Amino acid sequence: DRQTLVAVLQFLRRSNLRESEEILRREARLLGDDLGSSVGTVASSSPGVAAVAAVPPGKGEVRAGIAGLFSGAGDRPLPAGSLETGRPLWLSQPLGGGVVVEDQPDVSAVLSAYNQQGDPALYEEYYSGLKHFIECSLDCHRAELSQLFYPLFVHMYLELVYNQHESEAKSFFERFHGDQECYYQDDLRVLSSLTKKEHMKGNETMLDFRTSKFVLRISRDSYQLLKRHLQEKQNNQIWNIVQEHLYIDIFDGMPRSKQQIDAMVGSLAGEAKREANKAKVFFGLLKEPEFDVPLDDEDEEGENEEGKPKKKKPKKDSVGSKSKKQDPNAPPQNRIPLPELKDSDKLDKVMNMKEAARRVRLGPECLPSICFYTFLNAYQGLTAVDITDDSSMIVGGFADSTVRVWSVTPKKLRSVKTAADLSLIDKESDDVLERIMDEKTASELKILYGHSGPVYGTSFSPDRNYLLSCSEDGTVRLWSLQTFTCLVGYKGHNYPVWDTQFSPYGYYFVSGGHDRVARLWATDHYQPLRIFAGHLADVTCTRFHPNSNYIATGSADRTIRLWDVLNGNCVRIFTGHKGPIHSLAFSPNGRFLATGATDGRVLLWDIGHGLMVGELKGHTDTIYALRFSRDGEILASGSMDNTVRLWDAVKAFEDLETDDFTTATGHINLPENSQDLLLGTYMTKSTPVVHLHFTRRNLLLAAGAYSSQ
């Protein structure tokens with residue numbers, strides 16, 4: 001807009017900012033109408049005038065982060081031909097290590113964007129006018145335009161409250177809150193308690209709503225219809241809110257149906273922008289290191305007959321070199337530094353391969369046996385469970401701040417001897433690893449004390465030497481399973497830490513908490529290596545991708561994000577759940593992600609295309625556990641409704657429509673086939689399922705604490 005440009009240039013001249021003025025002139029001429037490409041606006045004292053921070057081309061990109069406290073993913077160039085004024089934007093530049101550091105927005109600056117422009121008495125009229133228009137529009141547009149109801153309702157209500165029109169706000173809320181979709185009920189409850197300007201100051205949820213643009217995906221036809229209506233009606237109040245607080249992601253093509261929209265919406269900030277899921281993701285698996293697999297005893301017996309070993313050997317070899325060919329979708333082997341394999345790791349891999357050879361092939365005809373570990377009398381409140389990869393130990397985290405480790409094999413847990421006793425041992429003997437263990441300490445259960453609050457997450461290292469636990473006390477602790485003592489307390493989160501998990505290769509681990517960020521750590525660094533910021537609410541669960549290059553986080557903002565470990569970028573945002581996410585599971589081939597939430601639905605995602613590809617309905621309560629079987633044929637889900645359900649994963653993923661059109665527009669057609677995919681439902685007497693684990697031979701282990709109510 002030329003007038004705005006002239007006004008800004010005059011302002012710069014008055015302020016003696018000649019250099020900026022020159023740059024702006026140059027940019028404007030250079031880019032014709034696209035004035036906004038490297039210009040971010042910074043809120044100035046008067047709402048109508050914006051001081052412009054311009055940066056010469058080539059001096060590093062200045063990203064205008066629109067989202068609130070941290071907006072790692074909320075960056076976008078301003079739309080062509082517009083220079084937004086009077087909006088607080090925080091200029092952020094990526095620092096070394098790929099972490100975007102941003103100043104916390106000043107709350108009053110954020111809220112002052114609600115400077116009153118309309119007559120408070122007319123708000124109800126504006127809203128009901130729009131409502132009438134949308135309800136009378138053609139069916140094909142109605143579903144898409146109905147997405148506007150909720151964000152407009154919230155912003156208009158907040159605007160009334162901010163400008164202290166309390167009675168108008170109250171009547172506005174009472175009149176229209178019943179029209180909102182059922183999945184926004186929790187948010188509306190929070191909103192209804194904000195009745196005075198003072199309440200808005202400390203409320204994080206509302207601050208987020210204010211600072212991050214609510215994203216709506218609408219087809220071009222529907223958008224034109226809306227724009228024409230609002231401009232004809234001179235309905236500036238609503239049009240201002242649409243421009244100021246909503247990000248409308250317009251796509252060309254057919255409008256989406258109500259079902260298609262319902263599948264994707266429901267998160268705190270609307271849908272994900274299509275741009276958010278465009279980046280390339282290396283979802284393939286890394287090549288396994290090659291080493292010879294020693295033959296089993298029974299193989300050696302066949303040596304005397306000439307023909308036998310020849311037949312056996314190639315078969316064994318093929319297990320050892322399962323993935324000689326590099327997966328085309330895999331990241332480069334050295335993309336992130338991974339720890340070297342120790343001899344003990346190689347032995348473990350060999351054991352793993354031997355077990356794999358005896359693995360049961362699962363499928364609809366051959367379901368796994370399920371072994372359920374029930375924690376009885378867990379009055380200390382079981383809050384987390386993990387099982388080692390070889391299924392030899394199980395750990396429970398409890399609300400009384402203890403971590404308890406059990407051996408689930410006949411082999412008892414033993415600690416290493418004291419230093420004085422160790423010095424007497426012959427280091428050269430073959431069974432030195434046996435001799436260093438102190439038989440006097442052998443027991444089935446070890447209790448680890450150290451946390452000062454409930455323990456919400458536990459994770460064994462792949463080599464079974466270490467155990468992680470995270471707690472309400474804000475720390476993550478690393479415990480030695482040789483001495484059963486705490487080695488390190490990692491302090492970085494200031495609030496409760498809800499989940500932690502070791503990388504499949506060990507060494508790295510991730511944690512997520514109430515401070516809305518996930519942190520990546522290495523066991524030998526006391527500070528995090530990466531901070532993944534972008535969620536608008538608590539990070540409730542974390543998971544490493546099987547190739548360890550990516551981390552998935554689920555949040556109470558009802559979205560799932562996929563982060564790149566290498567540079568800290570958010571490469572996928574998945575929306576569709578209607579409640580906080582509590583479980584995540586990657587398929588063994590790395591291509592798919594399954595997520596479970598308080599809405600009782602399991603959603604399936606294609607990571608490469610960034611698309612939802614399935615929805616499994618059946619559970620009636622929060623899903624706390626998800627696991628794929630070792631070969632990925634079956635997905636098991638465990639829930640607070642006291643059931644374990646088994647789903648046919650092969651069928652769920654077999655004929656996916658992931659053409660470019662679907663990817664570009666989000667026209668997803670989810671088959672209503674939950675019942676066909678459900679292979680079995682297994683009830684417990686009264687035990688919510690907290691954890692699931694497939695053994696190396698595909699026996700399913702489940703765990704939970706018996707609740708007596």
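Residues are numbered from 1 along each chain as its sequence is written, and side-chain values use heavy atoms, with hydrogens and water left out. Because the model is predicted, local features need a pLDDT of at least 70 and side-chain atom pairs count only at pLDDT 80 or more, whereas totals for chains, interfaces and linings use all residues.

The mean pLDDT (the predictor's confidence in each residue, from 0 to 100) is 79 over the chain, and 79% of the residues score at least 70. Residues 30-105 form one of them, with 150 contacts (heavy atoms within 4.5 Å) beyond four places in sequence. Residues 298-323 are likewise under 50, and the model has 18 such contacts for them. Where pLDDT is low, the predicted coordinates should not be read in detail.

Secondary structure was taken as DSSP runs, with helices (H or I) of at least four residues and strands (E) of at least two, numbered from the N terminus. Residues 448-483 are 0% helix and 53% strand, with end C-alpha atoms 11 Å apart. For residues 616-648 the values are 0% helix and 61% strand, and the end C-alpha atoms lie 10 Å apart.

A nonpolar core is a set of buried Ala, Val, Leu, Ile, Met, Phe, Trp, Tyr and Cys residues joined through side-chain atoms within 4.5 Å; buried denotes under 20% relative accessible area, exposed over 50%, and partly exposed the range in between (1.4 Å probe, protein chains only). The largest core has 44 residues, and Leu148, Leu152, Phe153, Phe172, Leu191 and Val242 have the most contacts inside it. Helix H6 (residues 149-162) gives the most to this core, with 11 residues. Another core, of 40 residues, lies apart from it and includes Phe574, Ala597, Leu603 and Leu626.

Aromatic pairs were assigned to rings of Phe, Tyr and Trp (its six-membered ring) with centres within 6.5 Å; planes under 30 degrees apart count as stacked, over 60 as edge-to-face and the rest as tilted. The count comes to 25 aromatic pairs. The rings of Phe153 and Phe173 have centres 5.5 Å apart and planes at 45 degrees, so this pair is tilted. It links helix H6, which holds Phe153, to helix H7 (residues 166-176), which holds Phe173, 20 residues apart. Phe153 is buried at 0% relative accessibility, as is Phe173 at 9%. A further tilted pair joins Phe532 and Trp563, at 5.5 Å centre to centre and 35 degrees between the planes. Phe532 belongs to strand E21 (residues 530-533) and Trp563 to strand E24 (residues 559-564), so the pair ties together parts 31 residues apart in sequence. One aromatic cluster comprises Tyr127, Phe149, Phe153, Tyr157, Phe172, Phe173 and Phe176.

Positive phi values occur at Asn377, near 50 degrees, and at Asn642, near 65 degrees. Asn377 lies in the loop between strands E7 (370-375) and E8 (382-387) and is exposed, with a relative accessible area of 53%. Asn642 is in the loop between strands E31 (634-639) and E32 (643-648), and counts as buried at 17%.
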